[in-house]
Each structure stands twice: as C-alpha cells, then as structure tokens.
Amino acid sequence: MGLIYAEQVEYMSVEQMQQTHEDEIKILNEIDKLAIFYERGEAKKEDLEAKIDEYIAHVKAHFANEERLMEEYDFPSYDMHKMAHDMFLIDLQYSTKQWKEFGDINKMVNFIRKSPEWIVLHINTVDAPTSAYIAEKMALEAKNN
C-alpha cells in the first residue's frame with residue numbers, strides 16, 4: 001500500500017512534467033515504506049534521512065523546472081502557480097528545520113504523509129492546465145520552426 005498512486009493524478013501533456021510527478025510519487029512511497037520499517041526498528045535512520053533528503057532536492061528541482069517552463073512559455077497564471085509552490089516549500093522548510101535542527105524526524109515523516117492530499121489537488125487543478133498550456137505553446141513553436 002502506498003501513500004499516493006500515479007492513477008490519482010491527471011496525466012500531464014508535457015512529458016517532463018509527467019515523469020517528474022511519477023518520480024516524486026515513487027520517492028514519497030519509498031519514504032513511507034522506510035518510515036514504517038524505521039518505526040518497527042527494521043530500517044536505519046540514515047537510510048530514511050537520505051531518502052528524505054532526496055525528496056527535498058527533488059521537490060526543489062521539480063518546482064524550479066516548472067517555474068522555468070512557465071516563464072519560458074509566458075504562462076499567464078505564473079504568479080498564482082509559483083505562490084502555491086512557495087507555500088508548499090515554506091511548510092517543507094519548517095518540517096525540515098524541525099528534523100535537522102531539533103532531531104524530530106517524526107515532523108518530517110508526518111509532513112510527507114500529509115502531502116499527498118496537496119499534491120493530488122495541485123497536480124489536478126494547477127499543474128494539469130499549466131501543462132496543457134505549455135504543450136500547446138511547444139506544439140506551436142515546433143510547427144513554426
């Protein structure tokens with residue numbers, strides 16, 4: 001059983017956005033699995049921490065790439081989309097601080113376990129229209145070249 005499944009989210013018209021979402025879903029489910037094993041004493045804390053660090057780096061790269069694409073293709077709702085990313089990153093940074101500075105890995109794990117609801121909503125209502133817009137712009141660009 002995973003936290004989130006690719007079937008819960010809309011398919012992206014831009015392949016790199018689709019692949020990024022699939023990779024992120026895989027990492028989230030791996031974190032959850034490691035956290036369960038860690039809570040049972042069957043996994044090392046270092047392994048869980050390494051996977052969480054991978055997730056944080058992935059999220060930052062994911063958002064930066066989407067924002068780059070939105071700017072490159074002059075997406076009209078860029079500010080709103082970026083603000084959604086920024087708000088998620090603030091929550092991620094808070095949870096990361098609780099973990100890194102105060103040793104509370106449970107805050108980080110709880111954040112990750114709560115994030116699928118936001119992710120599904122964000123992908124289905126914000127990323128899907130963004131991807132469709134960018135894909136249309138890419139197709140026009142390819143046609144004109």
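Reader: Hi! Which residues does Ser115 touch, not counting those up to four places away in sequence?
Author: Hello! This is a predicted model, and in it Ser115 touches Leu28, Tyr55 and Phe88.

Reader: Is Ser115 buried or exposed?
Author: Buried, because its relative accessibility is 2% and the cut-off for buried is under 20%.

Reader: You mentioned Phe88. How many aromatic pairs does a search of the whole structure find?
Author: The search finds 5 aromatic pairs. One of them is Phe63 with Phe88, an edge-to-face pair with 5.9 Å centre to centre and 75 degrees between the planes.

Reader: Nice! Are Phe63 and Phe88 buried or exposed?
Author: Both Phe63 and Phe88 are buried.

Reader: Why is the pair of Phe75 and Tyr133 called edge-to-face?
Author: Their planes are at 65 degrees, with the centres 5.2 Å apart, so the pair is edge-to-face. Phe75 is in the loop between H2 and H3, while Tyr133 is in helix H4, 58 residues apart. Phe75 counts as buried at 10% relative accessibility, but Tyr133 is partly exposed at 24%.

Reader: Which residues form one aromatic cluster?
Author: That would be Phe63, Phe88, Phe111 and Trp118.

Reader: New topic: what is phi of Asp74 near?
Author: Phi of Asp74 is near 55 degrees, a positive value in a residue other than glycine. Asp74 is in the loop between helix H2 and helix H3, and it is exposed, with a relative accessible area of 58%.

Terms used. Residues are numbered from 1 along each chain as its sequence is written. This is a predicted model: local features need pLDDT of at least 70, side-chain atom pairs count only at pLDDT 80 or more; totals for chains, interfaces and linings use all residues. Side-chain values use heavy atoms; hydrogens and water are left out. Buried means under 20% relative accessible area, exposed over 50%, partly exposed in between (1.4 Å probe, protein chains only). Contact means heavy atoms within 4.5 Å. Helices (H or I, at least four residues) and strands (E, at least two) are DSSP runs, numbered from the N terminus. Rings of Phe, Tyr and Trp (its six-membered ring) pair if their centres lie within 6.5 Å; planes under 30 degrees apart count as stacked, over 60 as edge-to-face and the rest as tilted.
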